[in-house]
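The following questions and answers concern the contact between two chains and the packing around it. Please consult the sequence and the structure shown here.

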Amino acid sequence: MTARTRLIMFLAAAAVIAGFFAAACSRLPPFGTPDHPYAARAVAAALAHRTANTVASVNFDIRAFDTLGEESILFGTVLGATLLLRRARDERHRRAEAERVMPTTRLFGTLLLPVTLVVGVYIVAHGQLSPGGGFQGGVVLATALHLAYVAADYRALKRLRPLTFLDVADSLAAASFTLVGLAGLVAGGAFLENVLPLGTFNQITSGGTVPVLNAAVGIEVASGLIALLAHFLDQAVELTDPDQHETGGD
Amino acid sequence: MGIWPYLAAGWVLLVALYGLVTSHNLIHAIGCLAVAQSSTYLLLLAVGYRRGGTAPVYSDLTPGTRPVVDPVVQALALTDVVVGATVTALLLALTIQLRKRHHTVDPQALTGLKG
């Protein structure tokens, strides 16, 4: 198919989509409507479970089962990327070279790495109180470790990154989400039921299982993301292409 | 504002699809897919908006004093972001392998099957 035919077909399809989408939108509740029945119920349920951050309550309490699926998607992606980016038989392993870095960049990384780690742990731990949680804090934690790559070189990052340990942590964290769910089944009668003591509203221990699940997700996201980026970085830094003459440019 | 925020989401989706259809580079196509995904964030947040509403977080807000936006769609947007990131990661991994085996990232040049 030529590019022109494809474009014409797309424009025809886009016109149909645009027409039906606009028609559907015209029947939606008006933008900014005060009437949000699900919001009212979710807020009431979150306050009843003494979780200050309603979004965390929706994710890890009301819709915790969906979040289990979401977490499994992430786990599956790490597995898939590991499989896709494994070293092929005809590729050679090349040791990453030590690189020179500006002293200011090195100072910046050395100072910022521990601060970013603390911020990541803070965001994971306070997910039930303020915006944040396991997914967001996990990404911050994984980013913190990669400051070592920015501020030093790939060898420094590899020393800071115990991949075997992280792979195990990733699997254990993913499994512990299910275990918390089973604990709810045993103690409360429903999978992922919030069976832990709910604590005092607006304290770090409030929310029952919400902070526990947040911690599990935080560990899983952080270790999974580091493992994922490790495979990409290995491809870029440590593997040489099978035939250099065609791909020598990068 | 009426239905304009919803239509904006649809517009972003169509722009991204146009990019996907005319793309000559798989990395660019993956970027277009990420834009298509972000149109769903727009739609979700537009659906959940409440006029004068603030964030649905009660750590520094007394319940009942101010309207809040819909927390359910915000939670859905989080799921959406996670799924978008994982899809992007897997597609980029596939692109790396394609580049190695076929020496091109132009989807229009990828016509032959190769075992």
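A salt bridge is a side-chain nitrogen of Lys or Arg within 4 Å of a carboxyl oxygen of Asp or Glu. This is a predicted model, in which local features need pLDDT of at least 70 and side-chain atom pairs count only at pLDDT 80 or more, while totals for chains, interfaces and linings use all residues. Residues are numbered from 1 along each chain as its sequence is written, chains are lettered from A and ligands numbered from 1 in the order in which they are written, and side-chain values use heavy atoms, with hydrogens and water left out.

Q: Which two residues form the salt bridge across the interface of chain A and chain B?
A: The rule finds one salt bridge across this interface.

Q: Why does the pair of A:E91 and B:K100 join two chains?
A: Helices (H or I, at least four residues) and strands (E, at least two) are DSSP runs, numbered from the N terminus. The pair joins two chains because A:E91 lies in the loop between α4 and β1 (92-93) of chain A and B:K100 in helix α3 of chain B.

Q: What area is buried between chain A and chain B?
A: The size of an interface is often given as the accessible area lost when the parts come together. Here buried area is that loss (1.4 Å probe), summed over both parts. Carbon and sulfur atoms give 70% of the total, and in chain A the residues A:F10, A:F31 and A:L84 lose the most, together 17% of what that side buries. The buried area is about 4,600 Å².

Q: Which element gives the most residues to the side of chain A that touches chain B?
A: The contact (heavy atoms within 4.5 Å) takes 58 residues from chain A and 48 residues from chain B. Elements giving two or more residues to the chain A side include α2 (37-48), α4 (64-84) and α9 (209-237). The one that gives the most, with 10 residues, is α1(A).

Q: Which backbone oxygen lies 2.7 Å from a polar atom of the side chain of A:T54?
A: A:T54 is found in helix α3 of chain A, and it counts as buried because its relative accessibility is 0%. Leaving out residues up to four places away in sequence, A:T54 touches A:A42, A:V43, A:A46, B:P56, B:Y58 and B:P71. The backbone oxygen at 2.7 Å is that of B:P56.

Q: Is A:E238 buried or exposed?
A: The side chain of A:E238 meets that of A:K158 in a salt bridge (2.9 Å, N to O). These residues are 80 residues apart, with A:K158 in helix α7 (residues 154-160) of chain A. A:K158 is partly exposed at 35% relative accessibility, whereas A:E238, at 3%, is buried.

Technical notes: Buried area is the accessible area (1.4 Å probe) that two parts lose on being put together, summed over both. Buried means under 20% relative accessible area, exposed over 50%, partly exposed in between (1.4 Å probe, protein chains only). A polar contact is a pair of N or O atoms within 3.5 Å; within protein, one must be able to donate a hydrogen and the other to accept it, and residues adjacent in sequence count only if both atoms are side-chain atoms.
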